[in-house]
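Here's a quick briefing to read alongside the model. Have the sequence and the 3D view open as you go.

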Amino acid sequence: MRQRKLKNLDERLEHFKNWIVNEPEKQKGRWKEAVREDVQAGKQNANIRLEIGCGKGRFITEKAFRDPENKYIGIEGQESVIVRAIEKAEKKGLKNIMFISGYVRDLREIFADEEVRGIYLFFSDPWPKKRHASRRLTHRNFLASYKAVLEPGGSIEIRTDNKELFDFTLCEAEAAGLFTKNITDDLHGSDIRKDGIMTEYEEKFSSMGKKIKYVELIK
Ligand SMILES: C[S@@+](CC[C@H](N)C(=O)[O-])C[C@H]1O[C@@H](n2cnc3c(N)ncnc32)[C@H](O)[C@@H]1O
């Protein structure tokens, strides 16, 4: 049973191989040029936005669909999950999205300074134990790497249901010298302009009555 599942995953990864950027470090400084033959968005003028931990991709694929002039990159560590995101991109016929398969550690290895306009961190794993704090995607070490690759004025958007992670993030943002904007502990009950696109986790948590916390960190 397990083998059949894996075989199927390999086949799907093979089918989607043109959507996944191999050796993304080699694209450093060149993400605005097309890296996939059919990526047509805005070329040199396109802005780059990425979601780290895009999961099954509902947010990033819909965002790319609504904004065809710009480029989107979905990054996801689990192969069995990223194929679900790529399926959505394929169904939508997107020409402005690529995927990086793997767990990113330091974005500076992949992107040049100021190459990225925006980063989305939605429902990142909270890593509740203190000794795992450095694994949280909003730990100051991660924030320093995001800050380096962001354009001046670029943003990191964060959504979470987890209060501890949210409070931690605000402290780390201050330490990293990022400005906060549009903070709320109830995104869906607030006046903050929303794009109306919920991630898979967001829909699940919202339907359970959980409030979604939100902040933008600005370089
Ligand atoms: C809790 S899920 C949330 C998925 C999606 N953002 C959502 O809101 O539905 C977190 C995802 O982040 C991925 N992830 C965690 N750390 C990552 C990293 N360093 N690089 C890429 N993906 C990562 C995990 O594999 C997991 O699929």
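Predicted model: local features only at pLDDT ≥ 70, side-chain atom pairs only at ≥ 80, totals over all residues.

Residue numbers start from 1 along each chain as its sequence is written. Helices (H or I, at least four residues) and strands (E, at least two) are DSSP runs, numbered from the N terminus.

**Domains**
- The protein chain splits into domain 1 (1–102) and domain 2 (105–219), with bounds that come from an automatic or database domain assignment.
- Taken over C-alpha atoms, the centres of domain 1 and domain 2 are 20 Å apart.
- Across the boundary, 18 residues of domain 1 are in contact with 18 residues of domain 2 (in contact means C-beta atoms, placed from the backbone, within 7 Å).
- On the side of domain 1 that touches domain 2, strand E1 (48–52) and helix H2 (58–66) each supply at least two residues, and E1 gives the most, with five.
- By class, that side of domain 1 has six nonpolar, four polar and eight charged residues (Ala, Val, Leu, Ile, Met, Phe, Trp, Tyr, Cys and Pro count as nonpolar, Asp, Glu, Lys and Arg as charged, and the others, Gly among them, as polar).

**Ligand shell**
- The ligand has 19 residues around it, and the closest are Gly53, Gly55, Phe123, Thr199 and Tyr201 (a residue counts if its C-beta atom, placed from the backbone, lies within 6 Å).
- Strand E2 (71–76) and helix H6 (200–207) are the elements giving two or more residues to this shell, with the largest share, three residues, coming from H6.
- The shell divides into nine nonpolar, six polar and four charged residues.
- Both domain 1 and domain 2 give residues to the shell around the ligand, so it lies between them.

**Helix H4**
- Arg140, Phe142, Leu143, Tyr146, Lys147 and Val149 of helix H4 (140–149) are buried (20 or more other C-beta atoms within 10 Å; exposed is 12 or fewer, partly exposed in between, with C-beta atoms placed from the backbone).
- Those buried residues pack against strand E4 (116–122), strand E5 (150–160) and helix H5 (163–176).

**Positive phi**
- Most residues other than glycine have a negative phi.
- Glu23, in the loop between helix H1 (2–15) and E1, has a positive phi near 45 degrees, and Glu23 is exposed, with 7 other C-beta atoms within 10 Å.
- Phe123, in the loop between E4 and H4, has a positive phi of about 55 degrees, but Phe123 is buried, with 21 other C-beta atoms within 10 Å.

Definitions and conventions. Contact = placed C-beta atoms within 7 Å.
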